[in-house]
Amino acid sequence: MENYKLLPLTEEERKFATENHKYIYSFLRKHNYDIDEFYDVAVFGFLKAVQVYLRKPHIKEKYDFPFVNWAYCRVEMQLYFKRQRAKMRVPPNDIILYIEDGIGYSAKNYGYQRSFENEVAAAETLDRLKSSLPELQRKIIDLKLEGYSNSEIFTALGMKQSTYYYNLNKLKGCFKKAIA
């Protein structure tokens, strides 16, 4: 299944989604997911399934909608849990100044004592550096700081892997200059 980006719904898709809304609840109940907690996650899978089902005739010919919905909701839940695990990878309140091969280096990696003043100085350095970068590179930094992996980031930003690594290497050079 390809990575499908959700687009604005057409009138036909809105009507179809309204008529088949019950499949979100059946998916959540079948997997024992709390509806209040996970509805907002599953609904994106459902809406992607609606669009794929209606916009790609070969899918509609081959599969019933409940099957397509099930697959997209499952993927959306997997991505949600993967993002939750990724957030746990980065210790909170640790300012990452430089990224080398997926490893973040903070002020403490460079022999600085962890103190309020050093944290503030590191945050100011990062903010100053980010303000001079293009929006795409700022997004990469923000996602990296949240603990997302390289593949999660280039997928989330909808970019080619080579473009992502090109920008990551440019960021490494900027970080090296900023902390030198």
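Buried means under 20% relative accessible area, exposed means over 50%, and partly exposed is in between (1.4 Å probe, protein chains only). Everything below concerns a predicted model, in which local features need pLDDT of at least 70, side-chain atom pairs count only at pLDDT 80 or more, and totals for chains, interfaces and linings use all residues. Residues are numbered from 1 along each chain as its sequence is written, and side-chain values use heavy atoms, with hydrogens and water left out.

**Exercise 1. Get an overview of the chain.**

Task: Find how many helices and strands the protein chain has.

Solution. Start with the elements, which are DSSP runs numbered from the N terminus (helices: H or I, at least four residues; strands: E, at least two). The protein chain has nine helices and two strands. Following the sequence, their pattern is α-α-α-α-α-β-β-α-α-α-α. Next, look at burial: 36% of the 180 residues in the protein chain are buried. Finally, turn to contacts, meaning heavy atoms within 4.5 Å. Of those between residues at least 6 apart in sequence, 61% join residues at least 24 apart.

**Exercise 2. Find the two sides of H1 and H2.**

Task: Work out which residues of helix H1 are buried and which residues of H2 are buried.

Solution. In H1 (residues 11–19), the buried residues are Glu13, Phe16 and Ala17. They span an arc of only 100° around the axis, which puts them on the same side of H1. The arc is that of the directions from the helix axis to the C-beta atoms. Glu11, Lys15 and Thr18 are exposed on the other side of H1.

Now repeat the step for H2, where Ile24, Phe27 and Leu28 are the buried residues. Their arc is only 95° around the axis, which puts them on the same side of H2. Turned away from that buried side is a face of H2 with the exposed residues Lys22, Arg29 and Lys30.

**Exercise 3. Describe how H1 and H2 pack on H3.**

Task: Determine at what angle H1 and helix H3 pack, then treat H2 and H3 likewise.

Solution. Two packed helices are described by the angle between their axes and the distance between the axes. Axes here are lines fitted to C-alpha atoms, for helices over the stretch in contact, and angles run from 0 to 180 degrees between N-to-C directions. H1 packs with H3 (residues 35–55) at about 125°, and their axes are 10 Å apart. That makes H1 oblique to H3. For the class limits, angles under 35 degrees count as roughly parallel, over 145 as roughly antiparallel, 65 to 115 as roughly perpendicular and the rest as oblique.

From H1, the contact uses Glu12, Glu13, Phe16 and Ala17, and the H3 residues include Phe46, Leu47 and Val50.

For H2 and H3, the angle is about 125° and the axes are 10 Å apart. That makes H2 oblique to H3. Ile24, Tyr25, Phe27, Leu28 and Arg29 in H2 meet H3 residues, among them Ile35, Phe38 and Phe46.

**Exercise 4. Classify an aromatic pair.**

Task: Classify the ring pair of phenylalanine 27 and tryptophan 70.

Solution. Rings of Phe, Tyr and Trp (its six-membered ring) pair if their centres lie within 6.5 Å; planes under 30 degrees apart count as stacked, over 60 as edge-to-face and the rest as tilted. Searching the whole structure gives 17 aromatic pairs. For phenylalanine 27 and tryptophan 70, the ring centres are 5.3 Å apart and the planes at 80°, so the pair is edge-to-face. Phenylalanine 27 lies in H2 (residues 22–30) and tryptophan 70 in helix H5 (residues 65–87), so the pair ties together parts that are 43 residues apart in sequence.

Check burial next: phenylalanine 27, at 1% relative accessibility, counts as buried, while tryptophan 70, at 30%, counts as partly exposed.
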